[in-house]
Amino acid sequence: MLHLFPSINNSVQSIRFKTLNPCISLSRLCHFKAKRGFDSLNQTSSVQNSVAVFWDLDNKPPNAFPPFEAVVKLKTAASSFGVVRSMVAYANQHSFSYVPKAVREQRRERKLLNQLENKGVIKSIDPYVCKVCGRRFYTNEKLVNHFKQIHEREHQKRVNQIESARGSRRVKLVGKYSMKMEKYKNAAREVLTPKVGYGLADELKRAGFWVGTVSNRPQAADVALRDHMVDVMDKRKAECLMLVSDDSDFVGVLKEAKLRCLKTVVVGDADDGALKRVADAGFSWTEILKGKAKKEAVSVVGKWKDRDILKKLEWTYDPEVERKLYGSEGMFDDESEDLDFDGSDDGNSSDYIHKEDSGAWWELDTESDADSSKSQ
């Protein structure tokens with residue numbers, strides 16, 4: 001029966017082969033190191049058109065804009081230059097505890113509205129809905145109290161239960177409570193006020209940034225960010241570096257990146273700053289948020305491609321390479337040997353040359369001279 005259906009026969013044989021050779025099925029689950037040639041090819045392909053974003057939060061915090069929206073716009077603009085591989089931000093502890101003026105005003109207005117709602121002076125048209133359980137409240141203060149008394153306590157119980165567990169039980173608890181904890185975080189972001197700062201670090205992490213906190217010493221964040229940029233350049237992890245800062249201390253790093261044939265983009269509010277003069281392209285926060293940087297990135301990338309093509313077409317003379325390719329040594333020696341004339345001759349050619357050169361070169365032959373030459 002199997003001979004009538006060769007495809008079934010092949011599948012049966014393959015199944016038997018796998019059962020007899022368990023190493024083949026196990027090898028797919030193991031991570032073996034690839035060969036050097038293939039590894040280098042994969043590494044170069046991943047580096048091409050890759051972008052790394054570096055943010056100096058001490059110098060350029062998103063004070064006037066919501067952090068999450070600013071990061072989304074920044075990532076959209078960076079993706080116009082290539083694939084965004086990494087996003088890094090550094091700041092000291094003071095930057096994360098600082099509350100901008102716009103956020104302070106919003107909190108002051110919210111507090112005033114809560115007082116007016118409690119007194120019955122104003123009333124919200126739409127009720128305040130709890131995004132965890134769905135209950136509705138007519139005042140914002142009642143929603144906040146409900147959230148703290150019920151959902152915040154439940155969330156803290158889950159966290160304590162996960163931290164106290166070990167091994168496989170902890171893994172099961174994380175999988176069990178992951179959806180509920182994510183739902184709580186999304187709702188708490190709109191209801192509760194952060195205890196420290198205005199949630200800058202959490203918003204950046206939610207948008208995909210890796211956030212590093214340094215000490216409050218001066219220039220600590222600059223040193224950490226500069227070292228991270230140099231490490232990325234040494235390991236060739238990115239082809240384009242995007243720096244969000246106006247600090248002129250990063251001029252040396254950008255110059256080093258250009259010497260290593262890397263593209264550089266600066267985002268800052270200084271129109272004629274030192275960084276924008278060194279970088280290949282520069283944008284302001286307004287251009288990033290309005291989407292103007294994404295449109296201009298098309299022309300910038302086109303110029304980079306033209307520049308790369310011209311560099312490939314450039315020809316530089318290297319005598320060692322030319323000598324190896326064309327074997328210029330000995331070529332002229334062989335020709336000189338072939339073209340070397342022997343001095344021994346009949347003498348006829350010398351007499352002919354002497355006769356031709358008997359007169360001066362500026363004297364023209366007359367008719368009498370021509371007739372005499374014919375008679376001879």
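View 1. Over residues 128-156 the chain is 59% helix and 14% strand, with the end C-alpha atoms 23 Å apart. Helices (H or I, at least four residues) and strands (E, at least two) are DSSP runs, numbered from the N terminus. UniProt lists these residues, in an unreviewed entry, for "domain: C2H2-type"; UniProt positions follow the numbering used here, feature names are shortened, and annotations may be inferred rather than shown by experiment. This is a predicted model, in which local features need pLDDT of at least 70 and side-chain atom pairs count only at pLDDT 80 or more, while totals for chains, interfaces and linings use all residues. Residues are numbered from 1 along each chain as its sequence is written, and side-chain values use heavy atoms, with hydrogens and water left out.

**View 2. Six strands form an open, parallel sheet.** Follow the strands in the order E5-E2-E1-E6-E7-E8. The edges are strand E5 (210-214) and E8, each pairing on one side only; two strands pair if DSSP finds at least two bridges between them. On average, neighbouring strands of this sheet are turned by 20° against each other, direction ignored.

**View 3. Strand E1 is covered on both faces.** Seven of the seven residues of E1 are buried, so the strand is largely enclosed by the rest of the structure. Buried means under 20% relative accessible area, exposed over 50%, partly exposed in between (1.4 Å probe, protein chains only). One side carries Ser 50, Ala 52, Phe 54 and Asp 56, and the other Val 51, Val 53 and Trp 55. Seven bridges join E1 to E2 in parallel, and Ser 50 stands opposite Val 83 in E2.

View 4. Axes are lines fitted to C-alpha atoms, for helices over the stretch in contact, and angles run from 0 to 180 degrees between N-to-C directions.

**View 5. Helix H14 has a kink.** H14 (residues 292-313) has 22 residues and reaches 33 Å from its first C-alpha to its last, close to the 32 Å expected at 1.5 Å a residue; the expected span is 1.5 Å times one less than the number of residues. A kink of about 25° is centred on Val 298, the bend at a residue being the angle between axes fitted to the seven residues ending there and the seven starting there.

**View 6. The buried residues of H14 meet several elements.** Ala 293, Ala 297, Val 300, Val 301 and Trp 304 are buried. Their packing partners include helix H4 (67-79) and helix H13 (285-290), where contact means heavy atoms within 4.5 Å.
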